[in-house]
Amino acid sequence: MDNDLPVAVVGTAGHIDHGKSALVRALTGTDPDRLPEEKKRGITIELGYARLALPSGRSVSVVDVPGHERFIKTMASGAAVIDVAILVVDAGEGVKPQSVEHLGILQALGVKRGLVALTKCDTVDPDLANLAAEEVRELVASTFLEGAPVIMTSTVSGQGLASLRETIDAITVDFRKEAVRMPVRMPVDRVFVMQGFGTVITGTVLGGTISVADTVQVLPAGIEARVRGVQVHGTDAGLVHAPSRAALNLAGVEMDPALRGQWVVSPGEFATSGSVLAMASLMGWVKKTVKLPASMSLNLGSSVVNCAVHGVADGPRQEPMIPGTAHLVRIETDHPVVPRAGDRFILRVGGGLGAGFSTAAGGWVVDPLWGPRRISTRVQDQARKLDASDPQTWLEFALMGAGAKGLATAELVQRIPGPPASAQRILDAMLRTHAAIRTGRARIVGSAAYGRALARADQCLKTFHASNPERAGIKRDALRDLCVGGSGGPLFESLLSRRVKEKAWKLDQDLVAEADHEPRSATSIEDLASSILASIARDPASPPSLKALAQQHGVSIDWISRAADLIVASGRGRLLDGEFIFSTGFLDTLKGNVRAFFARNEKMMVTDLKTIASVTRKHALPLARWLDDEGVTLRRADHRIARS
């Protein structure tokens with residue numbers, strides 16, 4: 001059965017009544033319109049599916065989408081899973097509004113291959129059909145369909161159907177073989193109960209392989225279930241791999257319409273998100289600037305959720321979205337989604353932003369687990385360096401955003417596009433070159449964040465010793481919180497291990513200290529006080545400030561303050577204005593000299609005091625205030641007199 005699985009997903013697109021469903025019926029023999037209402041009204045309302053056999057013996061899954069403008073969100077859900085697009089245009093009517101909107105959606109969703117089918121060619125003059133073909137070629141210019149085959153078809157006469165099959169066959173040769181190496185992901189687009197079997201969910205397998213008896217997880221519901229059965233286009237199969245349609249019979253899952261729009265994934269490989277970082281561009285028909293934040297609707301996979309779109313914030317205002325420019329945005333969803341880096345999406349606005357179309361913008365996911373953080377201009381600059389063909393740029397970006405917290409290795413599946421094995425090879429190479437650092441058993445930190453954390457840890461420990469020289473060390477949890485925060489536990493343990501191994505730090509039970517640190521006792525305070533007095537004695541009229549003393553002696557201000565308190569308490573000096581220590585001998589001499597000055601003079605100016613004490617104005621002012629406090633002088637306006 002494995003060799004018979006579809007090799008690609010082909011999807012229709014185009015305006016209502018242009019013959020999409022009829023074309024699928026003619027090509028596959030399957031009517032994609034399965035609902036009674038669809039058959040009664042003659043229009044497609046829900047997504048339809050069929051299997052198309054190709055001339056080579058291979059097959060593809062076909063997704064048929066509704067063409068009515070009211071069902072754009074359903075069309076976008078179908079277009080989100082296709083590899084090859086068939087743009088269907090009525091040869092008689094030519095290009096119509098949904099021809100334009102559907103093509104824009106396909107382009108925004110990253111579809112790379114396709115063709116154009118002109119339908120109902122048996123009902124129009126050949127010249128009119130050729131005119132419609134030329135109109136379509138003008139429409140698809142500068143899109144992924146530029147230069148694609150334009151095939152004249154008729155579902156009545158069979159014209160062009162063989163050519164369509166052959167063209168699809170050629171387009172899908174060796175196509176998307178790496179999809180099977182991707183992580184298991186399947187967006188759920190239908191949920192129903194099959195009598196005797198239980199709940200069945202259907203969707204398009206975008207990555208990996210799902211086999212009978214596998215355990216899968218349904219997110220964001222958080223349900224784990226065993227795969228009881230697998231069908232591919234109505235045929236029992238032991239397994240299904242990407243890219244293909246599948247129906248899964250899940251054991252232990254209750255029927256719930258809310259499962260539509262959710263994702264089937266491998267357990268533990270994906271997390272839900274309510275805030276996604278993405279690159280988005282307005283659709284070509286939107287000609288006006290869009291202010292942010294803005295309320296929109298997000299189509300991601302088969303899910304449709306309301307969201308708020310935020311822009312880069314440089315201050316209180318956010319940058320708006322400008323036509324023709326790609327913008328980094330944060331999409332905050334009302335309900336959790338399950339994005340992966342590189343996923344394509346559509347943003348819609350009720351009532352439309354241009355040409356009456358509801359589709360406002362399209363884009364791709366940069367960081368699926370960004371969280372509530374604002375977007376800085378630095379992050380924007382880094383995001384623009386991302387290269388779809390280079391997984392290392394994505395890993396570097398994710399590590400930059402994670403900072404000291406780092407990434408769990410399990411997150412790489414979701415944060416880096418492409419096969420997980422490729423991401424692991426890139427990570428291994430970065431670890432070898434130390435561009436990334438492993439911390440703990442399962443976390444990775446970027447080299448820049450690691451270097452910043454190491455420098456911060458060294459400084460935090462040095463500052464602690466300067467402020468607390470009498471203590472043997474700092475508790476390891478306290479140092480961790482100071483330098484990397486509580487969430488950086490694995491990183492801190494890595495830093496601690498490295499510094500101890502390098503003999504730069506020492507660890508004694510739960511205390512961390514610099515290797516050469518010895519705690520200072522109370523006698524050290526006395527030694528410091530004596531050293532300060534000795535330095536003051538060399539120039540008693542110009543003592544340094546406490547801050548300068550701390551620098552001179554290589555200790556903290558707190559330690560200098562303790563020594564100053566000891567000097568004052570012992571009567572060996574006075575601290576003036578909380579800044580300068582003057583020796584008691586100098587101050588006693590000053591008192592006598594000031595009294596002698598008043599024996600000859602009635603008043604004293606500050607300039608006189610500078611001469612008497614042989615000091616600068618910086619020291620004269622605190623000395624003048626001290627003389628007032630000591631009762632030697634009394635201030636009068638700009639001068640002082642002797643106090644009786």
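1. Is K177 buried or exposed? K177 is exposed, with a relative accessible area of 60%; on the scale used here, buried means under 20% relative accessible area, exposed over 50%, and partly exposed in between (1.4 Å probe, protein chains only). K177 lies in the loop between helix 6 and strand 7 (185–194). Its C-alpha atom is separated by 8.5 Å from that of P243, and the two are 66 residues apart along the chain.

2. Basis of the values. This is a predicted model, in which local features need pLDDT of at least 70 and side-chain atom pairs count only at pLDDT 80 or more, while totals for chains, interfaces and linings use all residues. Residues are numbered from 1 along each chain as its sequence is written, and side-chain values use heavy atoms, with hydrogens and water left out.

3. Overall form. The protein chain has a radius of gyration of 38 Å, whereas a compact globule of 644 residues would have one near 26 Å; the radius is taken over C-alpha atoms, and the globule rule is 2.2 Å times the number of residues to the power 0.38. The C-alpha trace spans about 130 × 55 × 40 Å along its principal axes. The secondary structure comes to 19 helices and 32 strands, these being DSSP runs numbered from the N terminus (helices: H or I, at least four residues; strands: E, at least two).

4. Burial, contacts and surface. Of the 644 residues of the protein chain, 52% count as buried. Taking contacts between residues at least 6 apart in sequence, 68% join residues at least 24 apart, where contact means heavy atoms within 4.5 Å. The protein chain exposes about 28,500 Å², and carbon and sulfur atoms supply 50% of this area; accessible areas come from the Shrake-Rupley method with a 1.4 Å probe, and for residues only the protein chains shown count as cover.

5. Charge. There are 75 positive and 69 negative side chains in the protein chain, and the centres of the two sets lie 6 Å apart. Lys and Arg count as positive and Asp and Glu as negative, with His and the chain ends not counted; each charge is placed at NZ of Lys, CZ of Arg, CG of Asp or CD of Glu.

6. Helix 1. In helix 1 (residues 20–28), the buried residues are K20, S21, L23, V24, L27 and T28. Seen down the helix axis, these buried residues fall within an arc of 160°, so they line one face of helix 1; the arc is that of the directions from the helix axis to the C-beta atoms. The buried residues pack against strand 1 (9–13), strand 2 (48–53), strand 3 (59–64), strand 4 (84–90), strand 5 (113–119) and helix 6 (161–171). G29 follows helix 1 and has a positive phi, near 80°.

7. S358. This residue is placed in the loop between strand 20 (344–348) and strand 21 (359–367). S358 is buried, with a relative accessible area of 16%. Leaving aside neighbours within four places in sequence, S358 is in contact with I72, E101, L347, R348, V349 and G352.

8. Positive phi outside glycine. Q509 has a positive phi, near 55°, and is found in the loop between strand 26 (505–508) and strand 27 (511–514). At 74% relative accessibility, Q509 counts as exposed. D577 also has a positive phi near 55°; its place is in the loop between strand 28 (573–576) and strand 29 (580–583). D577 counts as partly exposed, at 47% relative accessibility.

9. D481. The residue is in helix 12 (residues 476–483) and counts as partly exposed, at 42% relative accessibility. D481 and L353 are 128 residues apart in sequence and 48 Å apart in space, C-alpha to C-alpha.

10. V594. Which residues does V594 touch, not counting residues up to four places away in sequence? They are M604, L609, I612, L627, V632 and T633. V594 is found in helix 17 (residues 584–598) and counts as buried, at 0% relative accessibility. The C-alpha atoms of V594 and L609 are separated by 7.8 Å, with the two residues 15 apart along the chain.
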